[in-house]
Amino acid sequence: ESLLLRYLAPYVDGISRDKLHVGVLSGSLELKDLSVRPDALALLGWEGLRVKSGSIRLIKLAVPWSKLYTGKVKAVVEGLHMEVTNVAGGSNNSQADLIREIRAAKQKAIEVRVEQLREQAQAMEEGPDDSEKGRGYIMRLARKIINNIAVSLCDMKISFVSERRGLACGLEFPSLDVLSTDRTFKERDESEVLPAGRAMYKLLHLKNLGVRMAPVGTCDLSAAGGYLLSPISSSLQ
């Protein structure tokens, strides 16, 4: 629960602690109708960008607590719709104001990361006396989860708008699935993936990735007549 709050709360609004607590205990967590924070991208390292508007319809996480070491963890994100603009997009901002805003965003990103690292260090210090053994178990468990995790992104629409430059473009795709497998790259149902050695094997299925662009000099993406990049689909190993 604290892990989810640590890595989600700085970037989105609308997380219900009660629902989060119940979901974590049951192993089936659903977070609905979240808002992406304006400084979310800045906290991820893109200080020159601001989220003008953003929402996530659903984040769903399924964790098999009864067989965490062998079961599959499933993560689903549906309906991420986000409009992004550059910090310098507002014509009323002076150069000094822009510099201060970017510096403030960098400072906040550093503070968020430092707090995350501090909490991780504190959790390790509060562990059992044989901390080396405990850390080894945690690392093995984390690797098992990464080896068996399945991630699904659905209904993704991200647009960039710059009023100053008269530019608007958007990226969209209905689905992106990342599946865990072994060296045969065959999709598995609920069975555990047992990779050989230290290698990890993933399948990526991308459907109908497309890019739209508004006519030059306009920042209204709805005016885009067609695709700059026609929808493409691909599977990667």
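This note goes through the predicted model from the whole chain down to single residues.

1. **Basis.** The model is predicted: local features need pLDDT of at least 70, side-chain atom pairs count only at pLDDT 80 or more, and totals for chains, interfaces and linings use all residues. Residues are numbered from 1 along each chain as its sequence is written, and side-chain values use heavy atoms, with hydrogens and water left out.

2. **Overall make-up.** The chain has five helices and eight strands. Both are DSSP runs numbered from the N terminus: helices are H or I with at least four residues, strands are E with at least two. Along the sequence the order is α-β-α-β-α-β-β-α-α-β-β-β-β.

3. **Burial and surface.** Of the 237 residues, 32% are buried. Buried means under 20% relative accessible area, exposed means over 50%, and partly exposed lies in between (1.4 Å probe, protein chains only). The chain exposes about 14,500 Å², and carbon and sulfur atoms supply 57% of that area. Accessible areas come from the Shrake-Rupley method with a 1.4 Å probe; for residues, only the protein chains shown count as cover.

4. **Contacts across the sequence.** Take the contacts between residues at least 6 apart in sequence: 64% of them join residues at least 24 apart. A contact means heavy atoms within 4.5 Å.

5. **The sheet.** Eight strands form an open sheet with mixed pairing, in the order β1-β2-β3-β4-β5-β6-β7-β8. β1 (12–13) and β8 (227–236) stand at the edges with a single partner strand each, so one side of each has no neighbour in the sheet. Two strands pair if DSSP finds at least two bridges between them. Strands of a sheet pair through backbone hydrogen bonds, either parallel or antiparallel.

6. **Pairing at the β1 end.** β1 and β2 (residues 28–36) run antiparallel and share two bridges. Here D13 stands opposite S35 of β2. β2 also pairs with β3 (residues 49–62), again in the antiparallel sense, over seven bridges. S28 has A62 in β3 as its bridge partner.

7. **β6 and β7.** β6 (residues 167–181) and β7 (residues 201–213) run antiparallel, joined by 11 bridges.

8. L204 lies in β7. L204 counts as partly exposed because its relative accessibility is 26%. Its C-alpha is 5.6 Å from that of D177, 27 residues away in sequence. Beyond residues up to four places away, L204 touches L176, D177, V178, S234, S235 and L236. H205 is also in β7. Its side chain makes a polar contact of 2.9 Å with that of S235. Such a contact is a pair of N or O atoms within 3.5 Å; within protein, one must be able to donate a hydrogen and the other to accept it, and residues adjacent in sequence count only if both atoms are side-chain atoms. With the sequence neighbours up to four places away left out, H205 touches residues including S175, L179, E187 and S234.

9. **N86.** N86 is in strand β4 (residues 74–86). N86 is buried, because its relative accessible area is 14%. The side chains of N86 and T85 make a polar contact of 3.5 Å. Leaving out residues up to four places away, N86 touches G48, L49, R50, F160, V161 and S162.

10. **Charge over a ring.** The charged end of R212 sits over the ring of Y227, 4.1 Å from its centre. The test is NZ of Lys or CZ of Arg within 6 Å of the ring centre and within 35 degrees of the ring normal.
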